[in-house]
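Here are some exercises to work through with the model open beside you. Try each task on your own before reading its solution.

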Amino acid sequence: MLDSMKGGALPLSSLNHISLLCRSVEDSLNFYQNVLGFTPIRRPGSLDFDGAWLFKYGIGIHLLQSPDPEAIPRKTEINPKDNHISFQCESMALVEKKLDELNIDYIQQRVEEGGIYVDQLFFHDPDGFMIEICNCDNLPVIPLRGGEQIMVCKRVNLGIMPQQKMAMQYASTEESHITCA
């Protein structure tokens with residue numbers, strides 16, 4: 001069992017990036033840049049395959065061109081129980097309005113826990129990867145063991161980490177923020 005591993009959990013500090021296999025890097029780059037607000041950044045020249053790197057909200061997204069684009073399953077049903085990445089937002093109404101303007105299909109859900117409500121919008125990127133937008137910071141983070149709240153915050157200003165300084169030299173980005181619960 002992992003709990004009994006000598007030394008405990010891996011000494012991690014943060015989420016760095018997610019990688020997504022794409023039918024078309026160009027279409028996905030357009031989506032992540034123009035719909036979700038990510039900024040393209042330089043990727044190492046030693047990479048010998050087509051792709052793009054983006055950064056915002058304290059995380060990176062690495063888009064990888066599929067060698068067989070037609071092998072990527074086409075998803076039509078929006079299923080909130082599918083693999084997804086979730087982004088916190090300030091205004092669900094503004095996000096919903098923007099998705100409507102962009103003609104992006106989405107579904108809405110509401111979760112309730114002890115009188116606290118979390119609103120969620122789910123939609124797909126061009127390759128069928130699920131995106132969630134939520135106001136999840138309404139829920140406190142309470143561990144299963146101990147039961148005391150760990151942290152609740154609305155906005156935390158992220159300092160630039162050493163490994164991100166080089167990327168920042170190549171891309172002009174706004175000050176990064178992250179929302180946690």
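**Exercise 1. Find which residues of α2 are buried, and decide how they are arranged around the helix.**

Solution. Begin with the list: Met 92, Val 95 and Leu 99 are the buried residues of α2, where buried means under 20% relative accessible area and exposed over 50%, with partly exposed in between (1.4 Å probe, protein chains only). Helices are DSSP runs of H or I with at least four residues, strands are E runs of at least two, and both are numbered from the N terminus. The arc is that of the directions from the helix axis to the C-beta atoms. Now turn to the other side of α2, where Ala 93, Leu 94 and Glu 101 are exposed. Finally, check the packing: the buried residues of α2 pack against β7 and β8.

Before going on, a word on the source: this is a predicted model, in which local features need pLDDT of at least 70 and side-chain atom pairs count only at pLDDT 80 or more, while totals for chains, interfaces and linings use all residues. Residues are numbered from 1 along each chain as its sequence is written, and side-chain values use heavy atoms, leaving out hydrogens and water.

**Exercise 2. Repeat the analysis for helix α1, residues 25-34.**

Solution. First, list the buried residues of α1: Val 25, Ser 28, Phe 31 and Tyr 32. Seen down the axis, they fall within an arc of 130°, so they line one face of the helix. Glu 26 and Asn 34 are exposed on the other side of α1. Then ask what covers the buried residues: the cover includes β1, β3, β4, β7 and β8. Last, zoom in on Ser 28, which counts as buried at 0% relative accessibility. Beyond four places in sequence, Ser 28 touches Cys 22, Leu 63, Pro 126 and Asp 127, contact meaning heavy atoms within 4.5 Å.

**Exercise 3. Identify the residues with the most contacts inside the largest nonpolar core.**

Solution. A nonpolar core is a set of buried Ala, Val, Leu, Ile, Met, Phe, Trp, Tyr and Cys residues joined through side-chain atoms within 4.5 Å. The largest one has 25 residues, and Tyr 32, Leu 36, Leu 63, Phe 123, Ile 131 and Ile 133 have the most contacts inside it. Elements giving two or more residues to this core include α1, α2, β7 and β8.
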